[in-house]
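My notes follow in the order in which I worked.

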Amino acid sequence: MPASIVLGTQWGDEGKGKAVDYLADRMDFVVRYQGGNNAGHTVIAEGRLLKLQLIPSGILYDHITSVIAGGVVVDPRHLIKEMNELRALGVDVSRLVVSGNAHLIMPYHLELEKVTERFLGKNALGTTKRGIGPAYGDKAARIGLRVQDLFDAKIFREKLDVVLREKNLILTKIYNRLPLDADRIVEEYVDLASQLEPHVADTGALLYRGLQDGKHVMLEGAQGTLLDLDHGTYPFVTSSTPVAGYALASAGIGPREVDRVIGIVKAYVTRVGAGPFPTEDVDETGERLGVRGNEFGTVTGRKRRCGWFDAVLGRYAARLNGLTELFVTKLDVLSGFERVRICTGYRADGALYDDFPPHQSLFHKAEPVYEELDGWMEEIDEATSFEDLPKEARTYVHRLEELVGVPVSVVSIGPARQQSLPVG
Ligand code: IMP
């Protein structure tokens, strides 16, 4: 059973790119299964810093086929730009395959998201403004355009005319904006289509054949469990489904193929955008984690909110995703704290919760209950094995695995490939 799922267990930005890059060595396919160019993966490979938003980081390996599955929303302008940036760095992008079923992010999605976020005022979600929500909305409403529509000019025009009639009414009559012009969209997208065409294929069939031949497939999630449309902190979530179950639905493969579900866990917690965050620290600790961890969004440059590790969320992610192992990232950021804290439960309305509260208003007022451990003062980014780490750092990692109930397989102590240390 050679398929693995790799996903974020918090609010995204756990360092999935780093983990996928580390694990990709043994893979034949790396498949992105949801979201769009709202994600941002920073990878340092052979001394080069790469920022990928849509293309799986497997693209950096010559032996890997990188797949964008049907459950992803694709902004073709962005995809072509990212492919060109990679080419300019000497990366071969010919092994990128895009599902014809993936939905397109269209210019009106970007325009509508801008005006609706503004309209929400202080209730805005703080989205990445990449058109993700509007594109998934149209998919569910069955008025979306798909990658395959790009290759039938007549169908593309027909579908666009229908949808643009409504979108332009909304833009002009409700939001007082200028309408978008169908001819201009067609002209631009026809050109993009010709560049994309060699990369479009039936990715479900491709992966099925690969699995039949004993190839290894890694299904890579974007964002994180707490941003999941169904299981996250709704409405402060993204519009897709990062949890493990969706990896299969999107890629079009069955559950029996998967034997590893790897949860990426940052050694502390961050969040961008609005929404509840029980362990958020707005004082010195949060500031220090943000500075040491360079916690600024890859996509929007926004400062991330920071706080101590939350084991309640860890257990929730373990349960929802059926995690088989944890990959802990950014442990080095915790160096220099005399004491480190882990949230083991919440207090809300006089009751104690050690599981994710069943009602969102409880989560909004959840007060973290902390356990304190000895910290370590020395820098650890040059350690070459897990056993090399200070005793306190190892104790911290073992306590995380105990509280989450899932074994840790790798600890990462810096951005470079060799800074990932196998545990046990
Ligand atoms: P959207 O995905 O652009 O619709 O944004 C919805 C929420 O998800 C916002 O709070 C974003 O900040 C958050 N979000 C989306 N993508 C990421 C990501 O890759 N990392 C962290 N947060 C994200």
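**Ligand site**

I began with the make-up of the shell around the ligand: by class, six nonpolar, seven polar and two charged residues. I keep in mind throughout that the model is a predicted one.

Next I asked which of the 15 residues around the ligand come nearest. They are Asp13, Asn38, Thr128, Thr238 and Arg302.

I then looked up polar atom pairs for some of these residues. Asp13 has a polar side-chain atom 3.1 Å from a nitrogen atom of the ligand. For Asn38, I noted an N or O atom of the side chain 2.9 Å from an oxygen atom of the ligand. Thr238 places a polar side-chain atom 2.6 Å from an ligand oxygen atom.

**Second largest pocket**

I moved on to the second largest pocket, and its volume came out at about 170 Å³. I listed its lining as Arg77, Pro107, Glu111, Pro179, Leu180, Asp181, Arg184, Ile185 and Glu188. Which elements give two or more residues to this lining? I found α3 (107–120) and α6 (182–196). The largest share, three residues, comes from α6. I also sorted the lining of this pocket by class and got four nonpolar, no polar and five charged residues.

**Sheet**

I traced an open sheet of ten strands with mixed pairing. Its order reads β9-β7-β5-β2-β10-β1-β11-β15-β19-β20.

β7 (residues 96–99) and β9 run parallel and are joined by two bridges. Across this pairing I noted Ser99 opposite Ala201 of β9.

**Backbone details**

Last, I looked up two backbone entries in loops. Is the peptide bond from Tyr234 to Pro235 cis or trans? I recorded cis, with omega near 5°. Pro235 sits in the loop that lies between β10 (217–220) and α8 (244–251).

The other entry is Asn294, a residue other than glycine with a positive phi, near 50°. I placed Asn294 in the loop between α9 (284–292) and β13 (305–307).

Technical notes
Residues are numbered from 1 along each chain as its sequence is written. This is a predicted model: local features need pLDDT of at least 70, side-chain atom pairs count only at pLDDT 80 or more; totals for chains, interfaces and linings use all residues. Side-chain values use heavy atoms; hydrogens and water are left out. A residue is near a molecule or strand if one of its heavy atoms lies within 4 Å of it. A polar contact is a pair of N or O atoms within 3.5 Å; within protein, one must be able to donate a hydrogen and the other to accept it, and residues adjacent in sequence count only if both atoms are side-chain atoms. Ala, Val, Leu, Ile, Met, Phe, Trp, Tyr, Cys and Pro count as nonpolar, Asp, Glu, Lys and Arg as charged, and the others, Gly among them, as polar. On a 1 Å grid over the protein atoms alone, a cavity is a set of points where a 1.4 Å probe fits but cannot get out, and a pocket is an open set with protein on both sides within 12 Å along at least five of seven lines; lining residues have an atom within 4 Å of a point. Grid points are joined across faces, edges and corners, and a volume is the space filled by probe spheres set on the points. Helices (H or I, at least four residues) and strands (E, at least two) are DSSP runs, numbered from the N terminus. Two strands pair if DSSP finds at least two bridges between them.
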